Amino acid sequence: MSDLPKDLREKLKEKFIITGLKVAKRLESSDGTKKILFRLQDANLIEAVIIPSKERVTGCVSTQVGCKFACRFCASGQGRFKRNLTFAEIIGEVLYLKKEALPGKLTHLVFMGTGEPLDNYAEVMKAVRIINSPSAFNIGARRITISTSGIIPGIQKLSGEGLQIELSVSLHAADEKLRSELMPVNKIYPLKELINTCKKYSLDTNRQVTLEYILIKGVNSELQHAQDLRKLLSGFPLAKINLIPSNAIKELNIEPPGRPEVLLFKEYLVKNGLNVTLRRERGGDIEAACGQLRLKYAEK
Ligand code: SF4
């Protein structure tokens, strides 16, 4: 910007950098889902996804490079944690996704990519305020979802933000032992305490809390697991269970259960008065499971 005075340019150079995310790979599924692998300025890789459907266009962003929490079913948890993203990098993802969403519009934003958003609380909240601001992206708080593996202090803090953000909690098991095997974070923030915190969040914000349950063949998809789930959620009317048949991830030895088993699981919960949705798998042909693409390229 040679029209600026030289000493101002020098000062700007000292204090600021202008950067952007570089697209390292872009994949498009036959169902319209697009997955983008970004290269950051320090050469680290992160992923973001855009998921169009009839009624909405949802962007999914990462919040960390790698993840500390090592969930067994998650490709992101297998690579080691490197660093938090800054709010500017998160906004960089949103800007790119917004451009990709054209000629439609980015209507929903989910923090469900690589990383644990509540482990990078301050930067994530700065990004949320910008995404929510009418002078920036203007996406309503109810259309922004923060997905967590169950970081109790983070959920408690989020309750006090005065925003009606959608909270989505990765549950994946209704039994302490099995959940600790699948998600080591359960040893720090146990299931019972987590459910009580979720109940409080729903009361404080007057919002439903979504409990994500990935169905993995031979691990947590049998009728007995559905019964455990019903017991765990008795007395939690604002819970919504989102069942997700797992993607097949060869590297992690994970397979989805057959359709009849999935339907049996769902029907048992519905018959017992629980609020249940069954998510359709998206982007199965482009390694859409969290961290799969990054893992593949980081290994090269
Ligand atoms: S599911 Fe989330 S918290 Fe667990 S390892 Fe993957 S990115 Fe981390």
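**Entry 1: strands β2 and β3**

I began with β2 and β3, which run antiparallel and are joined by six bridges. I note here that the model is a predicted one. Looking for a pair of facing residues, I found I36 opposite A48 in β3. The hairpin of β2 and β3 has five residues between the strands, and in this hairpin A43 takes a positive phi near 75°.

I then asked how many residues of β2 are buried. Five of its six residues are, and I recorded β2 as mostly covered.

**Entry 2: strands β1 and β2**

On the other pairing of β2, I found six bridges to β1, again with the strands running antiparallel. Here K22 stands opposite R39 in β2. The hairpin of β1 and β2 also leaves five residues between its strands, and G32 in this hairpin has a positive phi near 95°.

**Entry 3: strands β3 and β4**

Next I followed the chain to β3 (residues 45-52) and β4 (residues 57-60), which pair in the antiparallel sense over four bridges. These two strands form a hairpin with four residues between them. I looked up two facing pairs: P52 has V57 as its bridge partner in β4, and I51 stands opposite T58 in β4.

Ten strands form an open sheet in the order β1-β2-β3-β4-β7-β8-β9-β10-β11-β12, and the pairing is mixed. The edge strands are β1 (22-28) and β12 (275-278), each of which pairs on one side only. On average, neighbouring strands of this sheet are turned by 20° against each other, with direction ignored.

**Entry 4: the parallel strands**

From β4 I moved to β7, where the two strands run parallel and three bridges join them. The bridge partner of T58 in β7 is H108.

In what sense do β7 (residues 108-111) and β8 pair? They pair in the parallel sense over three bridges. The partner of V110 in β8 is T145. Between these strands the chain crosses through helix α3 (residues 121-132), and this β-α-β crossover is right-handed.

I found β8 and β9 (residues 166-170) to be paired in the parallel sense as well, over four bridges. T145 has E166 as its bridge partner in β9. With helix α4 (residues 152-159), β8 and β9 make a right-handed β-α-β unit.

Why is β8 largely enclosed by the rest of the structure? I counted its residues (144-148): four of the five are buried, so the strand is largely enclosed.

**Entry 5: helix α2**

I turned to α2 (residues 87-101), which lies across β2 (34-39), β3, β4 and β7 and runs at about 35° to β3. The helix has 15 residues and reaches 21 Å from its first C-alpha to its last, close to the 21 Å expected at 1.5 Å a residue.

Its buried residues include F87, I90, I91, V94 and L97. The elements covering the buried residues of α2 include β2, β3, β4, β7 and α3.

Leaving aside residues up to four places away in sequence, I90 touches V61, T63, L85, E123, V124 and A127.

**Entry 6: Y121**

I located Y121 in helix α3. Is Y121 buried, exposed or partly exposed? I found 18 other C-beta atoms within 10 Å, which makes Y121 partly exposed; a buried residue would need 20 or more.

Not counting residues up to four places away in sequence, Y121 touches G154 and K157. Y121 and K157 are 36 residues apart in sequence, and their C-alpha atoms are 9.1 Å apart in space.

**Entry 7: helix α8**

Last, I checked the length of α8 (residues 259-271). At 1.5 Å a residue, its 13 residues should span 18 Å, and its end C-alpha atoms are 18 Å apart, which agrees. Just after α8, G273 takes a positive phi of about 85°.

Technical notes. Residues numbered from 1 in each chain as written. Predicted model: local features only at pLDDT ≥ 70, side-chain atom pairs only at ≥ 80, totals over all residues. Buried ≥ 20, exposed ≤ 12 C-beta atoms within 10 Å, placed from the backbone. Pairing = 2+ DSSP bridges. Right-handed = clockwise from strand over helix to strand, strands pointing away. Expected span 1.5 Å × (residues − 1). Contact = placed C-beta atoms within 7 Å. Axes fitted to C-alpha atoms, helices over the stretch in contact; angles between N-to-C directions.
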